[in-house]
Amino acid sequence: MKQCFFFLSVLINSPKGLGNKIDVYLQPLIEELKELFSIGLQTYDAFTGEMFTLKAALLWTISDFPAYAILTGWSTSSGKTCPRCVGDTKSCWLKHGRKFCCIGHRRFLHKSDRMCKDKISFDGKMEWGEAPKLLSGMEMLQQLDGVLTEYKKKKRS
Ligand SMILES: [Zn+2]
């Protein structure tokens, strides 16, 4: 997570969101990543003085929620927005902001954490609930499959 290893792949300046048109911008990056993952690239290692096959994979992306929705197909416009809490997302509607706000993340803290008792900084309530269980790899894939199916349905209509 050092800054020298960060790689800004795409920066799109647009007065409006691109929506699904972002695929056009990402297509060259995706093709390159596929090639780097499956075939690799002969690269010089300055430390050993030898050539090696460099392979690459995309591990994480950092984006705001609207971009996250476009990239993953995850709906960020409902009350079940949080990608960590998924179906156990706690949210409230912000009347003046006219959007959902994810709440209830103090349940991830240790019960002795002072923020669990803090009413003033949050919604006027203490929070002691249990954090949603971590999904196994298979459960994540099943969930992703469901999200992709829903995304494809929406895209067709
Ligand atoms: Zn959450």
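## Close-up views of a predicted model

Figure 1. Helix α1 contains both lysine 34 and glutamate 31, which are 3 residues apart, or about one turn of the helix. In this predicted model, the two side chains form a salt bridge whose closest N and O atoms are 3.7 Å apart. Glutamate 31 has a relative accessibility of 38% and therefore counts as partly exposed. The structure holds 5 salt bridges, and the pair of lysine 34 and glutamate 31 is one of those formed.

**Figure 2. The salt bridge between arginine 106 and glutamate 127.** The closest N and O atoms of arginine 106 and glutamate 127 are 3.5 Å apart in this salt bridge. Distant parts of the chain are linked by the pair, the two residues being 21 residues apart. Arginine 106 belongs to the loop between β4 (99-103) and α3 (114-117), and glutamate 127 to the loop between α3 and α4 (137-156). Arginine 106 counts as buried because its relative accessibility is 5%. Glutamate 127 is buried as well, with a relative accessible area of 12%.

Figure 3. Lysine 133 and glutamate 139 meet through their side chains in a salt bridge, at 2.9 Å from N to O. With a relative accessible area of 56%, lysine 133 is exposed. Glutamate 139, at 28% relative accessibility, counts as partly exposed.

**Figure 4. The zinc site.** Three protein donors are shown with the zinc ion: SG of Cys82, SG of Cys85 and NE2 of His105. These donors lie 1.9 to 2.1 Å from the ion. The spacing of the donor residues in sequence is C-x2-C-x19-H. Cysteine 82 is buried, its relative accessible area being 8%. Cysteine 85, with a relative accessible area of 3%, is also buried.

**Figure 5. A nonpolar surface patch that includes methionine 1.** The patch on the surface is formed by Met1, Phe6, Leu59, Trp60 and Ile62. Together these residues have about 740 Å² of accessible area. Methionine 1 is placed in the segment before α1 (22-38). Methionine 1 has a relative accessibility of 79%, so this residue counts as exposed.

Terms used: Residues numbered from 1 in each chain as written. Predicted model: local features only at pLDDT ≥ 70, side-chain atom pairs only at ≥ 80, totals over all residues. Heavy atoms only, no water. Patch = residues over 30% accessible without salt bridge, like charges linked within 9 Å, V, L, I, M, F, W, Y side chains within 5 Å. Areas by Shrake-Rupley, 256 points an atom, 1.4 Å probe, with all protein chains shown as cover. Salt bridge = Lys/Arg side-chain N within 4 Å of Asp/Glu carboxyl O. Helix = DSSP H or I, 4+ residues; strand = E, 2+ residues; numbered from the N terminus. Buried < 20%, exposed > 50% of the residue type's maximum accessible area, 1.4 Å probe, protein only. Donors = N, O, S within 2.8 Å, 3.2 Å for Na, K, Ca; no water.
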